[in-house]
Amino acid sequence: MPDRTPSQLAALERSNDLHDQVLTDPQRFRVLTGDRPTGPLHIGHYLGTLANRVRLQDLGVEVIVLIADYQVMTDQQAGHQLVETVRGVVADYLAAGIDPHRTTIFTHSAVPTLNELVLPFLSLVSDAELHRNPTVKAETEATGLPPTGLMLTYPVHQAADILFCQANLVPVGLDQLPHLETTRLIARRFNERYGNQQQVFPEPNALLTDTPMLAGLDGQKMSKTRGNGIALRATEDETAALIRRAPTDSERHISYDPLIRPAVANLLDLLAATTGEDPHRLADNIGDGGAGRLKQTLTEAVNELLRPLRQRRAALADDHSYIDEVLDNGNDRARQIADRTLTAVHNLLGMTYANRAAPQTSRNHRAGAESNHPTGAISG
Ligand code: TRP
């Protein structure tokens with residue numbers, strides 16, 4: 001396990017408290033999470049975040065899921081077949097157990113008033129702060145291309161994603177913590193400068209998962225573009241073929257040793273995450289069965305875990321009109337929330353010209369006002 005920085009440790013500690021609070025008081029929380037639609041979701045998404053979103057939803061937490069189709073433009077390859085990719089991601093969500101009656105699914109591009117929040121928010125961060133973000137740096141390097149303005153500023157867009165609905169809980173991996181810091185900074189500065197002593201935007205917290213980041217079958221970071229993850233939509237035969245091709249080593253007896261035998265340990269980690277069992281015990285059970293036995297066990301475990309999900313997916317993935325309806329409804333709802341938030345922001349910024357402010361958006365009305373809002377920051 002790599003050394004944690006002090007701010008990562010603080011976030012982990014807060015996150016552990018929050019896990020407990022969610023169990024005792026789910027209604028207090030509004031969760032916003034998102035994915036870039038770069039391709040089919042894979043088992044790493046399922047084990048790392050999707051299963052957790054479903055768990056939160058089922059606990060009674062309000063969950064809003066963003067398909068970040070503007071953010072995907074930081075990946076300069078993306079953009080072809082976006083419609084198919086986005087529909088596929090929605091099908092993956094529904095198959096995983098996201099219930100569109102309880103959970104809102106929407107895309108950036110359908111909610112202009114969310115995107116407009118980026119403008120005032122950009123005024124609240126300095127150029128130096130934007131350049132300091134380690135995740136943006138790493139992603140910029142990974143593209144091998146000159147950095148774009150969108151790449152540099154996407155954490156501010158992500159702040160708009162989170163703040164437009166006053167989410168107070170954001171389930172993410174450690175790599176997203178710098179973006180959450182930017183979001184907290186923007187919320188704090190907005191409140192200080194324009195909030196008239198009120199907390200217009202709550203400072204959201206990260207909810208970190210205990211599932212470690214799963215590597216792909218080749219030991220590299222699991223990614224939709226590298227094709228080293230097992231797609232949720234893959235057939236059982238495709239799953240078997242992918243796992244068969246995964247590298248191992250020449251030692252027959254299976255043991256769990258991430259430093260000396262990373263390839264074998266990587267498969268055992270995936271098996272452990274899939275079955276919820278300890279990787280050392282799994283290795284002992286396989287023992288002299290060797291890599292063949294390990295791969296067979298892994299294939300069966302993955303296929304068994306994903307079978308119900310794949311059945312649900314098969315039943316709905318081709319029903320474009322249903323998928324589009326789910327998105328339409330989610331987009332409508334997100335637009336309503338974003339419109340209210342932007343109106344409240346305009347009011348606080350003094351941008352209330354003739355015919356602009358609707359009667360219900362008086363100065364007492366906080367951003368995104370919904371009387372029963374769980375974060376409490378925006379009651380009217
Ligand atoms: N940056 C996230 C990722 O690459 C996706 C994302 C966009 C997101 N907006 C968000 C995540 C808001 C959490 C909250 O995975």
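What follows is a set of questions and answers about this model.

Modeller: Ground rules before we start: this is a predicted model, where local features need pLDDT of at least 70, side-chain atom pairs count only at pLDDT 80 or more, and totals for chains, interfaces and linings use all residues. Residues are numbered from 1 along each chain as its sequence is written, and side-chain values use heavy atoms, with hydrogens and water left out.

Biologist: Which residues surround the ligand?

Modeller: A residue is near a molecule if one of its heavy atoms lies within 4 Å of it. On that basis the ligand has around it Leu-32, Gly-34, Arg-36, Leu-66, Ala-68, Gln-71, Gln-158, Asp-161, Ile-162, Val-170, Val-172 and Gln-176.

Biologist: How many of the shell residues are nonpolar?

Modeller: The sorting takes Ala, Val, Leu, Ile, Met, Phe, Trp, Tyr, Cys and Pro as nonpolar, Asp, Glu, Lys and Arg as charged, and the others, Gly among them, as polar. The shell then has 4 polar and 2 charged residues, and the nonpolar count is 6.

Biologist: What lies 2.7 Å from a nitrogen atom of the ligand?

Modeller: Think polar contacts here (a pair of N or O atoms within 3.5 Å; within protein, one must be able to donate a hydrogen and the other to accept it, and residues adjacent in sequence count only if both atoms are side-chain atoms). Asp-161 places a polar side-chain atom 2.8 Å from a ligand nitrogen, and for an N or O atom in the side chain of Gln-176 the distance to a ligand nitrogen is 3.0 Å. The 2.7 Å distance belongs to a polar side-chain atom of Gln-71.

Biologist: How much of the ligand's area does the protein bury?

Modeller: Accessible areas come from the Shrake-Rupley method with a 1.4 Å probe, and for residues only the protein chains shown count as cover. Taken alone, the ligand exposes 370 Å², and the share buried by the protein is 88%.

Biologist: Which element gives the most to the shell around the ligand?

Modeller: Helices (H or I, at least four residues) and strands (E, at least two) are DSSP runs, numbered from the N terminus. Two or more shell residues come from each of β1 (30-35), α8 (149-163) and β4 (169-172). With 3 residues, the top contributor is α8.

Biologist: On to the surface. Which residues form the nonpolar patch with about 280 Å² of accessible area together?

Modeller: Patches are made of residues with over 30% relative accessible area and no salt bridge; like charges are joined within 9 Å, and nonpolar side chains (Val, Leu, Ile, Met, Phe, Trp, Tyr) within 5 Å. One member, Leu-150, sits in helix α8 and has a relative accessible area of 32%. Leu-150 is 77 residues from Met-73 in sequence, with their C-alpha atoms 8.0 Å apart. The patch is Tyr-70, Met-73 and Leu-150.

Biologist: How many salt bridges does the structure hold?

Modeller: The test is a side-chain nitrogen of Lys or Arg within 4 Å of a carboxyl oxygen of Asp or Glu. One example is Arg-102 with Asp-99, at 2.9 Å from N to O. The total is 18.

Biologist: In the salt bridge between Asp-324 and Arg-87, is Arg-87 buried or exposed?

Modeller: The two side chains meet at 2.9 Å, N to O, linking helix α14 (residues 320-348) to helix α3 (residues 82-96) across 237 residues. Buried means under 20% relative accessible area, exposed over 50%, and partly exposed in between (1.4 Å probe, protein chains only). Asp-324 is partly exposed at 26%. Arg-87, because its relative accessibility is 18%, counts as buried.

Biologist: Which residues do salt bridges that share partners join into one network?

Modeller: Start with Glu-203 and Arg-188, whose side chains meet at 2.8 Å, N to O. Glu-203 lies in the loop between α9 (177-194) and β5 (205-208), while Arg-188 is in helix α9, 15 residues apart. The network is Glu-181, Arg-184, Arg-188 and Glu-203.

Biologist: Last one: which side chain makes a polar contact with the side chain of Thr-103?

Modeller: Thr-103 is in the loop between α3 and β3 (104-107) and is buried, at 3% relative accessibility. The contact spans 2.8 Å, and the partner is Gln-57.
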